[in-house]
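My notes follow in the order I worked.

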Amino acid sequence: MMAVDGDITMTDADIRKGKERIDAPPGDELLPWVEKYRPADLEQVLSQPDIIATVRRFLQDRRLLPHLLLYGPPGTGKTSTAGAICAALYGPRWRTTGQVLDLNASDERGIDVVRDQIKLFAETKGLEAAGIAAPFKIVVLDEADAMTSAAQNALRRVMERYVRHVRFIIICNYASQIIPALQSRCTRFRFRPLAGDALAAKVAEVARSEGIVVEDGARDAVCSLARGDMRRILNVLQAAAAALPSPSTPISAALIYAVTASPRPQDLDAAFSALLSDTPPDALRRVRMIMEERALALG
């Protein structure tokens, strides 16, 4: 069946797609893909089975949940895991319950934030909201490796003093930047770069959801360039999809390398070949030519 309006012809499939867009959650289409596809619960966190299994055991008896230190490379699920823990304790609208203080330590990194915000929040015992059975509140400190030493030293006393009704989830890329006194008060979990098969499966899932076609070479290229970072994969895919002349055009490996300004494998091979086999002046000319043709900065 066809619906005709002036010069525009619509099929039943078009009408159904339009209805699906109208029925979609409000604002969902406006989210960047990094947030749109962020794990909402522990089941959706990829490639960290041992960590998730241990956290699940903690949540079975919520009183046993210790302070947590989540560390590892970017884009591996640390912040998503902290959010999933809060969702398991307080429900999907945990941000609005007043039971969680969520801070980014790279923005608020000094001792004042410990004295004025964290200590004040910890001093007030949480009231049990409707449907919330957790016996404590949560402080989430993201990018805690940016905190000053003075702030970290002030924080260790707060963690000890209010442990009966407050738990801390400390998130960072480098555990070495967290003072030993804080590390010893936490159960540590190291998040590893995501496995290649998990990355490829996520690329396929996002492609189906967004109605785009990702060629096998493009999938392999984006997974290789991401180096286990899911956030980078989603950002690159969104940039590549925005660069397509039409939604039906497949995303190619060449487009992935273009939007990331990364050298293609054949460009690197040509550069290395010139360096190994040509004279220094010829090799330098060849490398400069590759850089100019591809707009690359190989240094």
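I started with Arg 157, which forms a salt bridge with Glu 160; their closest N and O atoms are 3.4 Å apart. The model is predicted. I checked the spacing: the two residues sit 3 apart in helix α6 (residues 149–161), so about one helical turn separates them. I then looked up accessibility. Arg 157 is exposed, at 52% relative accessible area. Glu 160 is partly exposed, at 39%.

Next I asked what else Glu 160 pairs with. Glu 160 also forms a salt bridge with Arg 185, with 2.5 Å between the closest N and O atoms. This pair links distant parts of the chain, 25 residues apart: Glu 160 lies in helix α6, Arg 185 in the loop between α7 (180–183) and β7. Arg 185 is partly exposed, at 25% relative accessibility. I noted that Arg 157, Glu 160 and Arg 185 are linked in a salt-bridge network.

I searched the whole structure and found 10 salt bridges. Another of interest to me joins the side chains of Arg 95 and Asp 102, at 3.0 Å from N to O. Arg 95 is exposed, at 59%. Asp 102 is partly exposed, at 37%.

Then I turned to helix α3. Helix α3 (residues 49–60) has 12 residues and spans 17 Å from first C-alpha to last, close to the expected 16 Å. Which of its residues are buried? I found Ile 51, Ile 52, Val 55, Phe 58 and Leu 59. They cover an arc of only 115° around the axis, so they lie on the same side of α3. Asp 50, Arg 57 and Gln 60 are exposed on the other side. I looked up what covers the buried residues: β3 (68–71), α4 (78–90) and β7 (187–190) are among the elements that do.

Key:
Residues are numbered from 1 along each chain as its sequence is written. This is a predicted model: local features need pLDDT of at least 70, side-chain atom pairs count only at pLDDT 80 or more; totals for chains, interfaces and linings use all residues. Side-chain values use heavy atoms; hydrogens and water are left out. Helices (H or I, at least four residues) and strands (E, at least two) are DSSP runs, numbered from the N terminus. The expected span of a helix is 1.5 Å times one less than its number of residues. Buried means under 20% relative accessible area, exposed over 50%, partly exposed in between (1.4 Å probe, protein chains only). The arc is that of the directions from the helix axis to the C-beta atoms. Contact means heavy atoms within 4.5 Å. A salt bridge is a side-chain nitrogen of Lys or Arg within 4 Å of a carboxyl oxygen of Asp or Glu.
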